[in-house]
Amino acid sequence: MDFLDRFAVPNPGPTIYASMVAIALTTIAIIIGLTYFKKWGYLWREWLTTVDHKRIGIMYLISAILMLFRGGVDAIMMRAQTAVPDNTLLGAQEYNEIFTTHGVVMIIFMAMAFIMALMNFVIPLQIGTRDVAFPRLNALSYWLYFAGAMLFNISFVVGGSPDSGWSSYFPLAGTDFSESVGTNYYMIALQISGIGTLITGINFITTILKMRAPGMSLMKMPMFTWSALITNLIIVFAFPVLTVALAMGTMDRLFATNFFTTENGGMDMLWANLFWVWGHPEVYILILPAFGIYSEIISTFARRNLYGYKSMVYSMIAISLLSFLVWVHHFFTMGQGALVNSIFSITTMAIAVPTGIKIFNWLFTLRKGSIVLTTPMLYSLGFIPIFTIGGVTGVMLGMASADYQYHNTMFLVAHFHLVIIPGVVFAMIAGLFYWWPKMFGFMLNERLGKWSFWFIAISVCLTFFPMFISGLDGQARRMYTYSESTGFGVWNMISFIGAIGLAIGFALIVYNIYYSVRYSPRNIPADPWNARSLEWATATPVPDYNFAILPEVKSTEAFWDSKIYGDKLFNKRIEPIHMPNNSGMPFIMGIIFFIWGFAFVFGLWILLVLSTIGIGICLALRSYEKDEGYYIPVDEIERVEKTGGKKK
């Protein structure tokens, strides 16, 4: 029994037992469904072994939506707990675990997955190529992300969730204050997922720099592609810092080293510095692709080219450089001197300048445009004022002396969410609606989409604006309860009502997907939005090979120019197309990494050694494997093109 006791949840409660039942029932339902409909073979051939960037993008998308609702449940529980004074819905420990998992799930496993989904599906199409540079590595990236996500999420029911916040500060995250294996889950799951993200960064930098269509110079790339390139460069520089920090934190917890301890030569502030050297660039890893999405959508539905193309590119480059020079503003109150705080206060203000340039460029794009208010455009327009409010409050927090009043209050929570939700979540939903026809061959319902927008936009303001007031009144973040005499109750109740509105808005999106799958017409054109970039020059649904003939690019909006001015995109004849073979190795490695991570979390050293050997064997087999792919013959390509991208 001593062996099994280590897997028990330290503080079981109704939510834990409900989660166990839900996980068990869901797993049984999936197994029964796949068996009844005889889809095991289909699942293996078409999805688990795929190296097609489009299918990998869709798997990222499904994972992101699942994680959105996983993290959303945490958010509703937190808002419900603080809705009234002296509430006992959640205990202190349970609340600590929930706000920790909420932050990690939303940032690492939801927002990052959404970005990877759109980058995977769209970027090769936008640059006029047939796949990413390393297709099998791309599949491995996804399965490492998925292994990390699943490992983190089972912590809720096996061993206990992390409870030291999403930033996991030491010494709170050390074994003295976090005795369960929850923080081990945090360290190992983020490590596995982070390796997958780093691989993605290398893959997409190579793809964008080396595989663009003929004639597409860097200054002719679509803005979303530019944002993806800069984002992946940030990933390559930032994620190794997280990798090292997590490795050091893991050794502190499992092997009693003293990197981040408060004794024996350790330094707890070293963790804070390493975490935010990664963490603030991570904010822009999330935001910059969103800026690229808004640029594509605003240009399309304003019916004019993007204003200030070069200034948009240069401002993103400036943001990427400055993102590595502002990390100390996350802990102005933690003991640095006035000189250090002043320097980082200046860099924090400076990064607002290129961001402001982008806002004005979008506004000038809208000026004199023939604006079409589609669902993607509504999210793009709604983003501008709400994000600006979030950004302005960020400048307030960037003033080091004033930050002593704002820091660790609900004011900070409001600022962060009013940056991330309009800056990332709005963009992901807008991109989902915008590229959905290209992904699945039918459109999401516009009426339901607009209803969901208004629910979400209004509810975001209703949820987070009151936090500015309660924060200035002194309500600390991460408090699981408060007394009636504080006066925080009315503001927290308004926030809870807003959170319910957000839940309704996201539920409408899910219902929209269900409704559209059943009732949306399938005979839509390949370019239903009258868009401007190359992904809309492909058939719908997109064939495996993307382009029968690679396009030749002469401008920043080659597809638009081909429609308006008659510029010819496809000038060569069809030839056999080389494609990579599917492979089950990335999926198998994902399973082994999951086992490896689980063994590390619980200190199961024999299992850890065996799984490490398994990873080594997989790498060796790949090193000696001779896989030259296959060719799609001309007659099959011509048949697919005649049927609009549809297979037999």
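**A salt bridge and its surroundings**

Modeller: Happy to! E625 and R136 join their side chains in a salt bridge, with N and O 2.7 Å apart; the term means a side-chain nitrogen of Lys or Arg within 4 Å of a carboxyl oxygen of Asp or Glu. Because E625 sits in the loop between α19 (605–624) and β2 (630–632) while R136 belongs to helix α6 (residues 135–154), the pair ties together parts that are 489 residues apart in sequence. Helices (H or I, at least four residues) and strands (E, at least two) are DSSP runs, numbered from the N terminus.

Before going on, a word on the basis: this is a predicted model, where local features need pLDDT of at least 70, side-chain atom pairs count only at pLDDT 80 or more, and totals for chains, interfaces and linings use all residues. Residues are numbered from 1 along each chain as its sequence is written, and side-chain values use heavy atoms, leaving out hydrogens and water.

Back to the pair: R136 has 12% relative accessibility and so counts as buried, whereas E625, at 34%, counts as partly exposed. Here buried means under 20% relative accessible area, exposed over 50%, and partly exposed in between (1.4 Å probe, protein chains only). Both residues belong to a network of salt bridges that links R136, R622, E625 and D627.

For context, the structure holds 10 salt bridges. Among them is D52 with K54, whose closest N and O atoms are 3.0 Å apart; D52 and K54 are both buried. Another joins R573 and E575, at 3.9 Å from N to O. There, R573 is exposed at 64% relative accessibility, and E575 is partly exposed at 43%.
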